[in-house]
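Reader: I would like to go through the local geometry of a protein model with you. Could we begin once the structure is displayed?

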Amino acid sequence: MVVVRVYLGLAAKGHEIPARVLDKVRSVIETAFPVPPEVIRGGEWHGRGVSLFGWSNEPDDSRQPPLLTESGGRVLGLNGHLADPADANRLLGDPSAGDVGGCFSAWVARDGELSAATAINRVCPVFYAETPELHVVGSRALLVHLAAQQADRIDHDVLALQTMIRQGFFLSDETPYRGVTALRPSSRIDVRDGKRTITETPLPEAAGAPDTARRKRAAIGELADALLATVAPLRDLGEPVNLALTGGRDTRILAALLHAARVPFRVTTNGLDTHPDVILARQIATQLKVEHTVIAPQQTAERDAVLVEHPLSRAWETLRTCEGMTSAYETIVSYLPYSGKPTMSGQSGETLRAGSLNLLQTDLSDKALLRRINNTFYKDEKLFTAEANEHARALAKPWQARKNRLEALDHIYIWYKVGRWQASARAGSLRRGDPVRPFLDNRVVRAALALDQGWRLSEEVIYSLILRFAPELRDVPIEGKPWRFVEGMKPPRWWERTHVPPPHMPTTKTGGGWSWRTSPGPDLTDVLRQQVLGHLDALTPVVNPDEVRALFADPVVKKPATAWHLYTVSTLLTGTYPGKEPEGLERIPVSKP
């Protein structure tokens, strides 16, 4: 979620918002905004029965639109960024305008009315709650919960946390906080004269796969135009965009996109000169005539063990930043002062390839795809209570009912992998600035979802876009696996114009694959074990205690991701955050296998 800006709207059910609620909101922002208190600046707008608060760690309002924009008796708060800042005026009239480009959510307030809306992937989220006195709508779930609570306490929705233990993020619209719900993608919440309504626009239905080269080019046109529009404003920044480039698919299309849009950029690649990422990135940079910097990994003396951060410190920072909606298994980018320097990476490029869940599949039969849906929602059933499993199955039912399994998995990716996991996990890096993410753009996602899932999954769409933007890259191999659409493709005859991609460059296996997170060793396992088993009573509403004990029975836990998820939820429920940052914790030694 974009925590560069934080918003909270209040709408009274009576005539006025109680003064104690306004005072409480002002007092809890330092708890809910995970940046140093001294860098927070805020603004407020108050009308008849409605208030809108905004806060930011940006040094000023040089990034447009401003934190709060007033016009014609309305005030706008924008979380994220717009492809064209001038579209802020359109959002003042309709915060749910579906054809506005950018990655954002919007709040609009006026006398007696409060509205908020998500874009198509809700990666900039909106959360809402209700009390006997008022409606609360905000961009941080904990802030919404604190504002809605009459007492100074936090009530957790323990049953909702079953999905955090299974997957490390939410596969629902629930949150860790009782009474707080995430607004769905392409949805709008309106409160008028104390009454709330929610309207939802379904995700686009994909057209059939085009059957000729001409129709394919035409079908890709809207997606290509939407991608170009996301980067066009970068031409006038005064300094080149820094693109993290690899030998893979998603960053390659961004290099081609910036090249086609005539946006000045440079590229950096991490790795040794012999690694395919470096070799292929160098070829791409040469073909596109851009500066290329290689950052070699630090060479250190061989050691048989590493010292890692104590899990409690890691969990505290993850809970603080991601509000209990991302597992401490994930590595969250630490805080640095806000920077306006333009950066770009290939995050969420799977949107152009029918989503990561479909990309995991080699078997595309109906039975196999249904099994993927089921396993996504209720894997490891033995670990959970009957009530937790029943809850998970209820969440899966709407997706199981969809006849088009590819579409179901595609949309699950947008709703949850992007809209809940990425929205939460990327919060750390967004404290440092607001990078442009073309694959998260509202119009780009809309255009991508309108294309046949099977066609996108074949990777022909993304490959065609690369050649459309930068034909110079037609003979640069891809790293990893070959392009999916090449399988079974026959070499063209001499009179045919069909282009066959060059052979791929397999990923080089190196000794860098070991990770202390996935191979935690006995000492780290013991720390995880002590927290989880020592506070097992907090977890028993959703997990089977005997199965949890069995999980930690061996000296080294065999399912480290699940162990981390349990640890995260355990520390959340036992009050690690909000609270003082843990101090004096020793680092844990983890031996290399």
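Predicted model: local features only at pLDDT ≥ 70, side-chain atom pairs only at ≥ 80, totals over all residues.

Reader: Let us start with α5. How many residues has α5, and what distance does the helix reach from its first C-alpha to its last?

Author: Helix α5 covers residues 213-231, which is 19 residues, and reaches 27 Å from its first C-alpha to its last. That is close to the 27 Å expected at 1.5 Å a residue.

Reader: Where does α5 bend?

Author: The bend is at Gly221 and amounts to about 35 degrees. Gly221 is also one of the buried residues of α5, a list including Ile220, Leu223, Ala224 and Leu227.

Reader: Against which elements do the buried residues of α5 pack?

Author: They pack against the helices α6 (250-260), α14 (442-449), α15 (453-457) and α16 (460-469), and against the strand β17 (343-344).

Reader: Turning to the backbone, which residues does a cis peptide bond join?

Author: Tyr577 and Pro578 are joined by a cis peptide bond, with omega about 0 degrees. Pro578 sits in the loop between α20 (560-573) and β18 (588-591).

Reader: What is phi of Arg122, and is Arg122 buried or exposed?

Author: Phi of Arg122 is near 40 degrees, a positive value in a residue other than glycine. Arg122 belongs to the loop between β7 (113-118) and β8 (127-130). It is buried, with a relative accessible area of 1%.

Reader: And what about Ser348?

Author: Ser348 has phi near 75 degrees, again a positive value in a residue other than glycine. Its place is in the loop between β17 and α9 (356-359). At 2% relative accessibility, Ser348 counts as buried.

Reader: Now the six-stranded open sheet, please. In what order do the strands come?

Author: The order is β4-β5-β6-β7-β11-β12, with antiparallel pairing. The edges are β4 (69-71) and β12 (195-200); each has a single partner strand, so one side of each is left without a neighbour in the sheet. On average, neighbouring strands of this sheet are turned by 15 degrees against each other, direction ignored.

Reader: How many bridges join β7 to β11?

Author: Five bridges join them, and the two strands run antiparallel. Strand β11 spans residues 187-192, and its Asp190 stands opposite Ser115.

Reader: Aromatic contacts next. How many aromatic pairs are there?

Author: The count comes to 12 aromatic pairs. In one of them, Tyr463 and Phe485 have ring centres 5.2 Å apart and planes at 50 degrees, so the pair is tilted. Tyr463 lies in helix α16 and Phe485 in the loop between α16 and α17 (521-534), so the pair ties together parts that are 22 residues apart in sequence.

Reader: Are Tyr463 and Phe485 buried or exposed?

Author: Tyr463 is buried, at a relative accessible area of 8%. Phe485 is buried as well, at 16%.

Reader: Why is the pair of Trp516 and Trp564 described as edge-to-face?

Author: Their planes stand at 65 degrees, and an angle over 60 counts as edge-to-face. The ring centres are 6.2 Å apart. This pair links distant parts of the chain, 48 residues apart: Trp516 is in the loop between α16 and α17, and Trp564 is in helix α20. Trp516 counts as buried at 19% relative accessibility, while Trp564 is buried with a relative accessible area of 0%.

Reader: Finally, which residues do ring pairs link into a cluster?

Author: The cluster consists of Phe377, Trp399, Trp415 and Tyr416.

Technical notes. Residues numbered from 1 in each chain as written. Heavy atoms only, no water. Helix = DSSP H or I, 4+ residues; strand = E, 2+ residues; numbered from the N terminus. Expected span 1.5 Å × (residues − 1). Bend = angle between axes of the 7 residues up to and from the residue. Buried < 20%, exposed > 50% of the residue type's maximum accessible area, 1.4 Å probe, protein only. Contact = heavy atoms within 4.5 Å. Pairing = 2+ DSSP bridges. Axes fitted to C-alpha atoms, helices over the stretch in contact; angles between N-to-C directions. Phe/Tyr/Trp six-rings, centres within 6.5 Å; stacked < 30°, edge-to-face > 60°.
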